[in-house]
Amino acid sequence: MIDMFCGSLPSIGINPQIITLTNVTMVSDKFICVRETSPQNSVVIIDMNMPMQPLRRPITVDSALMNPISKILALKGTI
């Protein structure tokens, strides 16, 4: 499923060059998180029930994971 959808990430505005294991996480079949570094740092949360409505948040992080049961975003970064 992720392979099929990752091919569609550019259609919702995700730069194809950042679609890597470093920037894209999928803990379950419910959410995909994408860490964008350009044009500005942000985290994109894609709810697989509404994949054409990504949620972008202006956050600078090293990694991001979405809890598959509840809508809690786990972030890792440096200060």
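Helices (H or I, at least four residues) and strands (E, at least two) are taken here as DSSP runs, numbered from the N terminus. In these terms the protein chain has one helix and six strands, which follow the pattern α-β-β-β-β-β-β when read along the sequence. The model is a predicted one, in which local features need pLDDT of at least 70 and side-chain atom pairs count only at pLDDT 80 or more, whereas totals for chains, interfaces and linings use all residues. Residues are numbered from 1 along each chain as its sequence is written, and side-chain values use heavy atoms, with hydrogens and water left out.

A search of the whole structure finds two salt bridges, each defined as a side-chain nitrogen of Lys or Arg within 4 Å of a carboxyl oxygen of Asp or Glu. One of them joins Arg-56 and Glu-36, with an N to O distance of 3.3 Å; because Arg-56 belongs to strand S4 (residues 55–57) and Glu-36 to strand S2 (residues 31–36), this pair ties together parts that are 20 residues apart in sequence. Accessibility is classed as buried under 20% relative accessible area, exposed over 50% and partly exposed in between (1.4 Å probe, protein chains only). Arg-56 is partly exposed at 34%, while Glu-36 is buried at 6%.

Asp-47 forms a salt bridge with Lys-71, their closest N and O atoms lying 3.9 Å apart. Asp-47 is in strand S3 (residues 42–47) and Lys-71 in the loop between strand S5 (63–66) and strand S6 (73–76), so the pair connects parts that are 24 residues apart in sequence. Here Asp-47 is buried at 12% relative accessibility, and Lys-71 is exposed at 62%.
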